Amino acid sequence: MNSPLGIGLIGCGSISSTYLDLIPLFQGIRAVAVADLDMERAQKSARTYPVDAVSVEELLARPDVDVIVNLTVPAAHHEVSLRALAAGKHVYSEKPLALTLEDGRSIVAAARKADRHVCAAPDTFLGGAHQQARKALDAGRLGQVTSGTAHIMSSGMEAWHPDPDFFFAPGGGPVLDMGPYYLSALVDLLGPVRHVSARAATPKPLRTIGAGPRKGQQINVRTPTTLHAILEFANGALVTLGASWDVVAHGHSHVELYGETGTMILPDPNFFGGEVRILREGGRQETLSARLHPLAVPNQVHGEQEKANYRGAGLADMAHAIRHGKTPRCGVGFALHVLDIMLAILTSAETGISETLTTSCERPEPLGDRQAADLLDGPQDGGAGNRGRD
Ligand SMILES: NC(=O)c1ccc[n+]([C@@H]2O[C@H](COP(=O)([O-])OP(=O)(O)OC[C@H]3O[C@@H](n4cnc5c(N)ncnc54)[C@H](O)[C@@H]3O)[C@@H](O)[C@H]2O)c1
């Protein structure tokens, strides 16, 4: 077998340990070095994981780094991804791809010019639950999907994140931060979106940090924290999206899809596993066995709950695509369309006018059981214990 692609991480903040924990689950990729503007953060990672801590310049110059995983804050994604492409590296960016459509398009153009791949998180739609849902929809189990709902609602991120400023600055907010999980799942299931209309509100102008060394400090909220949108998909389906960080508790499902012959209730698109249910007229219901898919097998324990966490699956799929000359599933065209939907929601909410999208995309290839197993390093036995943490 070819040697694994070398992975260099830029950005050693909260999510970096998840990547460093989970990359070893996959075939074809190996973390070799990390960098951060704050060298102490990079050094801390290198004390915990078998990687070198280097400067960003050194990381980009290393011949053993093939792919840069961009884990910087959203405002730095564009610049860091362009620098990595200019250094001849492939890029896997955390979400969102960029903060403007112009910046997103410039990443697409730079990737084409450099003949390198760019992919972007999230990869949770490759998880077992959503892939089982995709298989059932593609097999016509609901007939034509005509409408649906998606709800991303919580009281916000300031309670747990030690540096939550970026969540409440332009480029943050529930749509750009959490929307990628839900919209990637919906576009994977239903195809591209063509029109969007939305309204927004910002009930709280200040947020108080609840954890870490800055606990008690206040942050000015500079982006809307409650947005409601109607998405019209190219296939005609209408989906209502509620995205808010002003909701203490609610009783909505994460995603519901209404088809001609049934309703599908999907689990949280921020996770790889969970239960997919199909409800029929007369109260009959069926639960799809998501656990049959390798990327739904629980591999972590969080409190009392077992969870499937395969963050990095999109990166492994990208490495597989690079090796075999295939199209990666978390490709830049898909990420650009998801960015376009999110920005259209924000623009429509600001102007009060509905937006027609200027991008479209193909649905990614489904990730079947066997293809998912091929991404993993070794058999998944369902009793993998706590192989990583979130
Ligand atoms: N925290 C999570 O649970 C989570 C989950 C999924 C995705 N994400 C995404 O991952 C990204 C990072 O999130 P985080 O929570 O780890 O943020 P964070 O603020 O904890 O860490 C970001 C790190 O990037 C570094 N950085 C910023 N600009 C840089 C630059 N130009 N060059 C080098 N380093 C730079 C910072 O010094 C910091 O250490 C964001 O895009 C976020 O949306 C986060």
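Guide: Val-34 stands opposite Ala-53, a residue of strand β3. The model in which this pair is seen is a predicted one. The two strands concerned are β2, which covers residues 29-35, and β3; they pair in the parallel sense over 2 bridges.

This pairing belongs to an open sheet of 6 strands. Read across the sheet, the order is β3-β2-β1-β4-β5-β6, and the pairing is parallel. Strand β3 is one of the edge strands, and the other is β6, residues 118-120; each of them pairs on one side only.

From strand β3 we may turn to a side-chain contact. Asp-52 forms a salt bridge with Arg-62, and their closest N and O atoms are 3.0 Å apart. Asp-52 lies in β3 (residues 52-53), whereas Arg-62 lies in the loop between α3 (56-61) and β4 (67-70), so the bridge ties together parts that are 10 residues apart in sequence. The two partners may also be described by their accessibility. Asp-52 has a relative accessible area of 39% and is therefore partly exposed. Arg-62, at 18% relative accessibility, counts as buried, because the limit for that class is under 20%.

Helix α3 takes part in a contact of this kind as well. Glu-57 forms a salt bridge with Arg-83, with 3.2 Å between the closest N and O atoms. Glu-57 lies in helix α3 and Arg-83 in helix α4 (residues 74-86), so this pair ties together parts that are 26 residues apart in sequence. Arg-83 is partly exposed, its relative accessible area being 34%.

A further salt bridge joins two loops. The side chains of Arg-214 and Asp-163 meet at 3.1 Å, N to O. Arg-214 lies in the loop between β9 (206-208) and β10 (218-220), and Asp-163 in the loop between β7 (145-153) and α7 (173-190), so the pair ties together parts that are 51 residues apart in sequence. Both residues are partly exposed: Arg-214 has a relative accessible area of 22%, and Asp-163 has one of 27%. These two residues also belong to one network, in which salt bridges that share partners join Asp-38, Arg-41, Asp-163, Asp-165 and Arg-214. In the whole structure, a search finds 18 salt bridges.

Strand β7 leads us to another sheet. This open sheet has 9 strands in the order β16-β15-β14-β13-β7-β12-β11-β8-β19, and its pairing is mixed. The edge strands are β16 (285-288) and β19 (355-356), each of which pairs on one side only. Within this sheet, β14 (residues 263-266) and β15 (residues 276-279) pair in the antiparallel sense over 3 bridges. There, Thr-263 has Leu-279 of β15 as its bridge partner.

The structure holds 1 cavity of 30 Å³ or more, and the largest cavity has about 80 Å³ of space. Its lining consists of 15 residues, and those nearest the centre are Ala-121, Pro-122, Ser-184, Ala-335 and Val-338. Helices α7 and α9 (332-351) each supply at least two residues of this lining. The largest share, 5 residues, comes from α9. By class, the lining of this cavity has 13 nonpolar, 1 polar and 1 charged residues.

Methods: Residues numbered from 1 in each chain as written. Predicted model: local features only at pLDDT ≥ 70, side-chain atom pairs only at ≥ 80, totals over all residues. Heavy atoms only, no water. Salt bridge = Lys/Arg side-chain N within 4 Å of Asp/Glu carboxyl O. Helix = DSSP H or I, 4+ residues; strand = E, 2+ residues; numbered from the N terminus. Buried < 20%, exposed > 50% of the residue type's maximum accessible area, 1.4 Å probe, protein only. 1 Å grid on protein atoms, 1.4 Å probe; cavity = no way out; pocket = protein on both sides within 12 Å on 5 of 7 lines; lining within 4 Å. Points joined across faces, edges and corners; volume = space filled by probe spheres on them. Nonpolar A, V, L, I, M, F, W, Y, C, P; charged D, E, K, R; others polar. Pairing = 2+ DSSP bridges.
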